[in-house]
Amino acid sequence: MLPLLTVMVLLSSPVNLLADEGFKPGVIAADFTLPDMAGKQVALSQYKGKVVLLNFWAMWCRPCRAEMPSMEKLYSAYKDKDFVILAVSMDHKEKGEVVEFIKKNGYTFPVLLDPDGALSENYKVPYIPATFVIDRQGQIVFREYGARKWDSAAARGKIDELLSKK
């Protein structure tokens, strides 16, 4: 009886309720502009016509760090195929620490900085990592919470399917 009660409490927790809020599949992704690590302003609308994996993360988040190598593998395989990863750092630390972390780990996908959390608040991100996959028309086609293996056959299959649609 106790395990069932625990599951019922977890399923009704505010975190799970929050995960149902915000931008959902079928909705056009809200445009935004954030600085990249070099200070250049980057807008989501610059990538219209491409498939975008929009990922919210932070250096202190272990699941975020765990999924980043698979994101790099996915990015390396698809960066020349109308696909981009925009990894939004929610770290409140100095930009230099984020830059050092990215360089030290050899990540080459674009990293944007959102230290005040305005974008994650706008997208109603309840916890991280949080990932939104956006199609060529700017529509959110799916969202994921928690770490994923982004270089898995299943993930690549979804990306391939989205890239095949013009």
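Where does Lys124 lie? In the loop between helix 5 and strand 6. Before I go on, note that this is a predicted model.

I will stay with that loop for a moment. Lys124 is not a glycine, yet its phi is positive, near 55°. At 45% relative accessibility, the residue counts as partly exposed. Further along, the loop between helix 5 (118–122) and strand 6 (130–134) also holds Pro129.

Next, a second residue with a positive phi. Asp82 is not a glycine either, and its phi is about 60°. You will find Asp82 in the loop between helix 3 (62–78) and strand 4 (83–89). With a relative accessibility of 32%, Asp82 is classed as partly exposed.

Last, another aspartate. Asp135 sits in the loop between strand 6 and strand 7 (140–145). Asp135 is buried, and it has no salt bridge. Which side chain of opposite charge is nearest to Asp135? That is Lys165, 6.9 Å away; the cut-off for a salt bridge is 4 Å between a side-chain nitrogen of Lys or Arg and a carboxyl oxygen.

What the Asp135 side chain does reach is the backbone nitrogen of Gln137, at 3.0 Å. Setting aside neighbours within four places in sequence, Asp135 is in contact with Lys50, Val141 and Leu162.

Notes. Residues are numbered from 1 along each chain as its sequence is written. This is a predicted model: local features need pLDDT of at least 70, side-chain atom pairs count only at pLDDT 80 or more; totals for chains, interfaces and linings use all residues. Side-chain values use heavy atoms; hydrogens and water are left out. Helices (H or I, at least four residues) and strands (E, at least two) are DSSP runs, numbered from the N terminus. Buried means under 20% relative accessible area, exposed over 50%, partly exposed in between (1.4 Å probe, protein chains only). Lys and Arg count as positive and Asp and Glu as negative; His and the chain ends are not counted. A polar contact is a pair of N or O atoms within 3.5 Å; within protein, one must be able to donate a hydrogen and the other to accept it, and residues adjacent in sequence count only if both atoms are side-chain atoms. Contact means heavy atoms within 4.5 Å.
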